[in-house]
Amino acid sequence: MKNRIKYIFISIIFIALTATDSFSFWQTQHGNSQRTGISKDAGPDKGTERWSFAKVNLDSTVAVSKKNVIYTVGFKLKTLYALSPKGQILWKYIAKASQLTSPSIGTDGTIYLVRMDRQKSYLLALTSNSGKKKWEVEVSSARGEYWLPHIAISKNGRIYVSIGNNLGAFNSKGKVLWSYEFISNNSKCNTAPSFSPKEDVIYVYRRCGEGVYAFNLDGSVKWVDKTKYTSEYTPPVIAPDGTIYILDGTTSSLFALAPNKKKKWKATYSGFNLGFSTMALGLENLIYVAMGNENIEKIIALDRKDGKIIWSFDITEGNHGGSVSLALAVDSNDVIYHAASNGLLYVLNNKGKLMWKHKIGSALAAAGGTSLIHTYPALSNKTFYAISIDGVLHVIGAPN
């Protein structure tokens with residue numbers, strides 16, 4: 001009887017560990033479909049470059065599977081690479097006469113990305129073991145922005161694609177569940193969808209000044225915030241309490257919205273273009289924002305309740321040229337990783353104190369520090385992934 005109890009206890013521990021590991025990956029842009037930038041893993045504890053991989057498009061977002069397979073798009077946007085944890089090419093998918101956007105990983109391991117030809121956009125599903133095409137379906141009669149992710153995947157396997165003037169919902173077989181068309185003369189406004197904490201509301205930020213839309217799961221509009229926010233890259237970030245955080249370049253502000261769209265607070269930072277900035281949630285009721293101008297790049301920590309600044313970390317070394325890197329992520333210990341536009345990876349604790357820094361490749365910024373980095377990083381299994389402007393994926397962490 002004692003042996004049986006011991007066996008059951010060990011089995012329960014194994015199942016629990018397996019369940020925990022199954023969520024230990026970087027699924028999509030900014031880690032998850034709430035776009036929080038938080039990893040379920042600890043990050044690297046020192047700056048060791050394990051390996052690097054050239055031929056990568058600097059606008060591609062890196063996705064990392066449960067088996068630590070890395071997916072990223074190649075330099076000319078025609079190739080999706082699957083890389084082993086040691087940087088070896090496992091397989092590649094080539095899209096002829098098309099461009100591929102950043103990959104996302106489904107709950108069953110399927111790789112999803114948008115393929116764009118000269119006129120239309122398609123949702124493409126690939127097998128994870130070989131890159132074989134499972135299916136493809138048209139999602140828009142317009143091309144999207146190749147440097148923006150367009151996909152969010154729910155835990156029940158639904159795929160939502162926001163591209164052109166369309167938001168579409170699809171099941172894992174590629175069947176269209178519903179589609180919504182935005183009334184607009186601008187077909188390049190959508191950012192990637194963001195989910196509410198319970199995944200019962202889908203948010204789409206029309207980043208060219210056409211507001212924020214909230215959708216119910218049946219595709220009906222729940223509400224519209226018609227504030228003319230503008231942003232180049234960053235979709236809404238959704239906190240566990242349902243608060244919606246939006247960066248606005250027009251007013252150089254960070255907005256916090258309640259789930260009913262009522263504005264909770266607004267924090268303005270004159271002299272910084274928050275339309276070119278990024279943000280990530282902290283674990284202790286903080287939100288971190290990376291911003292920059294011609295003279296400085298900085299990370300600030302704000303209280304999520306009222307937007308008051310708790311601390312600020314200034315990055316003055318190097319020439320920023322008005323750039324700010326989007327490479328910001330937070331690990332399971334609330335340690336902040338920011339690959340700045342000056343080519344250095346800064347690692348801070350949640351009090352804003354520098355723990356260590358590391359030079360990433362040649363630099364994240366071009367000569368003179370004048371180029372903006374579009375890509376978001378990945379943080380998984382004690383490893384930090386970032387793409388430099390010369391098209392090199394840098395993998396930082398202790399050897400496996």
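Across the protein chain of this predicted model, the pLDDT averages 85, and 86% of the residues score at least 70. Confidence is highest in strand S18 (residues 221-225), with a mean of 97, and lowest in helix H1 (residues 2-21), where the mean is 36. Residues 1-24 have a pLDDT below 50, and in the model this stretch makes 7 contacts beyond near neighbours in sequence. Over residues 363-372 the pLDDT likewise stays under 50, although the model has 31 contacts beyond four places in sequence for them. Where pLDDT is low, the predicted coordinates should not be read in detail.

The secondary structure of the protein chain consists of 1 helix and 33 strands. Of the contacts between residues at least 6 apart in sequence, 50% join residues that are at least 24 apart. Buried residues account for 61% of the 400 residues in the chain, while its accessible surface comes to about 16500 Å², with 52% of that area belonging to carbon and sulfur atoms.

| Core | Size | Residues, among them |
|---|---|---|
| Largest nonpolar core | 36 residues | Tyr 245, Leu 254, Tyr 288 and Trp 311 |
| Another core | 27 residues | Ile 70, Tyr 81, Ala 339 and Phe 384 |

In the largest nonpolar core, Tyr 245, Leu 254, Tyr 288 and Trp 311 are the residues with the most contacts inside it. The element that gives the most to this core is strand S24 (residues 286-292), which supplies 6 residues. The core that includes Ile 70 and Phe 384 lies apart from the largest one.

Terms used. Residues numbered from 1 in each chain as written. Predicted model: local features only at pLDDT ≥ 70, side-chain atom pairs only at ≥ 80, totals over all residues. Heavy atoms only, no water. Core = buried A, V, L, I, M, F, W, Y, C linked by side-chain atoms within 4.5 Å. Buried < 20%, exposed > 50% of the residue type's maximum accessible area, 1.4 Å probe, protein only. Helix = DSSP H or I, 4+ residues; strand = E, 2+ residues; numbered from the N terminus. Contact = heavy atoms within 4.5 Å. Areas by Shrake-Rupley, 256 points an atom, 1.4 Å probe, with all protein chains shown as cover. pLDDT = per-residue confidence, 0-100.
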